[in-house]
2 protein chains.
Amino acid sequence: MAQHIKLREVGLRDGLQIHPTFMATQDKLAWIAAEAAAGMREIEVTSYVPPKLIPQFADAGEVTEGALQIPGLIVTALIPNLRGAQRGIELGVHKLNYVMSVSHTHNMKNVRRPPEDSITDFRAIVALLREQPAGRRPIICGGLSTALGCSYEGRIAVSQVVRYAVQLAEAGADELVVADTVGYADPVQVRAVFKAVLAEVGHLPVAAHFHDTRGTGLANVGAALDCGITMFDASLAGLGGCPFAPGASGNIVMEDLCFMLDSMGYETGVDLQQLIEVRKIITQALPDIPMQGALARAGLPQGYVTAAARAAMA
Amino acid sequence: MAQHIKLREVGLRDGLQIHPTFMATQDKLAWIAAEAAAGMREIEVTSYVPPKLIPQFADAGEVTEGALQIPGLIVTALIPNLRGAQRGIELGVHKLNYVMSVSHTHNMKNVRRPPEDSITDFRAIVALLREQPAGRRPIICGGLSTALGCSYEGRIAVSQVVRYAVQLAEAGADELVVADTVGYADPVQVRAVFKAVLAEVGHLPVAAHFHDTRGTGLANVGAALDCGITMFDASLAGLGGCPFAPGASGNIVMEDLCFMLDSMGYETGVDLQQLIEVRKIITQALPDIPMQGALARAGLPQGYVTAAARAAMA
């Protein structure tokens, strides 16, 4: 039995949030539907932030409601605060991805409060969720951004990452995600951070969120797999490049990640060819968005046999 | 003490061989000199093949002689056969990189003989080298291309890789290089192949040569490091894309590899900023050549402290 890896598409949120052109709601929904049909089981479809802050998410309600029509898909959304959680509950979203920065400076710039206050906010969100009837209570994921480095503070102490991971867990997070928001990490650092986090909060599912800004994204996935991580964020075509680094890659490329995992013998549930086809929806909708991705350019290896086919033959 | 990793620049050979525009000899020599000044200690500067086959290497003699003027640089060249070895001996090159394919089909297409005959040729090359006076005898590296997959044959059996590695070692190779010529490998496969090779010929230095065609290049480096490999080929700006896959990456990007290794705490001897500057020589000489590289676009992390500086502080 091949080990299953849970993949989470974040391109519609992390990939689109810095893109200046609005992607039409129908195109977002076409992307979500096509990627779900290719086997993606969890998609972060939007962010519940005020449209005046990020106009790209002005259609958060429609996108959430549309995505919720797709059978079997886990629909998730980012929330920065309690108001976002309220919105998610009203819409009936399956999972809320709360995000705070381990870096004090980054958290101040992003949500204008120190990380300690973000923990307090998180406790209030969990309290609100626990008031909901069980069938209508979204899963809550606690996210630690800049956990492997920060554009303002540089290296981040592992002890700080562990500290906030423990506080999020104690506050009631159902799962955690540890993020290399700016693509600073290397495999040695990944092992150090994830081992330390898992040692303290390994009773919860912990996801890894890597950016490929400096080329180390999939190498970091390899290191995280070695630590026992089985849940990864990525974005189709690697959408999400940094506005301050023209041409720089963003999130790790979902297609390349799926290929690497499949080739390594992991079960992802994703059809690689069908996944590559989904890129066309993005290209047609946003012709000017930079698309990354090695597999899409090079194609599958000659005579490639998928992990699923190999498992079936064994 | 940080562990030292030996890096070998192969862009002037593997990167240029498929590029249709001739790079002027003075530009090649400027590239070699600048990269040596940045700390690169070994550079494959050319290939001793007939110019009518690959016009890019028509200046092989001049490039070799020029490179040999650089103090401390290990100057290497690819050879496909005995004639190439004779040429290298005449020129006084430091190291000869003999290459054969593990894939029968690929070897037939490339050098028109089965791999067994390439082993016979290799024995003749070693015999010729042993006739040379000790001070003028180049080091001979036995290269196994398509060892992790072939565009004609697909997957390659690990036993075949080990078989030819043992035969090259027994024939007198001073070192070996195992190559993922077409970028098919994943970290699980890398571990399987390199562990098997090292188990049989681990008394010789074994280098890894990866291509990033499907995005897995640096993840494969991570897996090879785990196996104990400490010698890697790469090319500046990832030159060497496949002519049959437009836009596809070629060799792993030297700058990104150096960054990852340095960040992991390995000693490479290379100055990252100075290495990035060398790209300008290529861009000016060949404005139309596709340049890859995440670090060059994104820059070093904020407050980045090099492995050398960390070692000095410790």
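In the predicted model, B:His203 has 8 C-beta neighbours inside 10 Å and therefore counts as exposed, the cut-off for this class being 12 or fewer. B:His203 lies in the loop that links H8 to strand E7 (206-210) of chain B. Between the C-alpha atoms of B:His203 and B:Pro301, residues that are 98 positions apart along the chain, the separation is 38 Å.

The arrangement of the two chains was examined next.

The interface comprises 40 residues of chain B in contact with 40 residues of chain A. On the chain B side, the elements that contribute two or more residues are helices H8 (187-201), H9 (217-227), H10 (254-264) and H12 (294-298). By class, this side of chain B consists of 19 nonpolar, 15 polar and 6 charged residues. Of the interface residues of chain B, 100% are also interface residues in chain A, so the copies meet through the same surface.

In chain A, helix H10 (residues 254-264) is mostly covered, with 11 of its 11 residues buried. The buried residues of H10(A) include the charged residues A:Glu255, A:Asp256 and A:Asp262. Just after the helix, A:Gly265 adopts a positive phi of about 100°.

A further helix pair was characterised within chain B. Helix H2 (residues 25-37) and helix H3 (residues 60-67) of chain B pack at an angle of about 30°, and their axes are 10 Å apart. As angles under 35 degrees count as roughly parallel, H2(B) and H3(B) are therefore roughly parallel to each other. The crossing of H2(B) and H3(B) is right-handed. H2(B) contributes B:Thr25, B:Lys28, B:Leu29 and B:Ile32 to the contact, while H3(B) contributes B:Glu62, B:Val63, B:Gly66 and B:Ala67. Classified by residue type, the contact of H2(B) with H3(B) contains 4 nonpolar, 2 polar and 2 charged residues.

Technical notes:
Residues are numbered from 1 along each chain as its sequence is written. Chains are lettered from A and ligands numbered from 1 in the order in which they are written. This is a predicted model: local features need pLDDT of at least 70, side-chain atom pairs count only at pLDDT 80 or more; totals for chains, interfaces and linings use all residues. Two residues are in contact if their C-beta atoms, placed from the backbone, lie within 7 Å. Helices (H or I, at least four residues) and strands (E, at least two) are DSSP runs, numbered from the N terminus. A residue is buried if 20 or more other C-beta atoms lie within 10 Å of its own, exposed if 12 or fewer, and partly exposed in between; C-beta atoms are placed from the backbone. Axes are lines fitted to C-alpha atoms, for helices over the stretch in contact, and angles run from 0 to 180 degrees between N-to-C directions. Angles under 35 degrees count as roughly parallel, over 145 as roughly antiparallel, 65 to 115 as roughly perpendicular and the rest as oblique. A crossing is left-handed if the near helix is turned anticlockwise from the far one by less than a right angle, and right-handed if clockwise.
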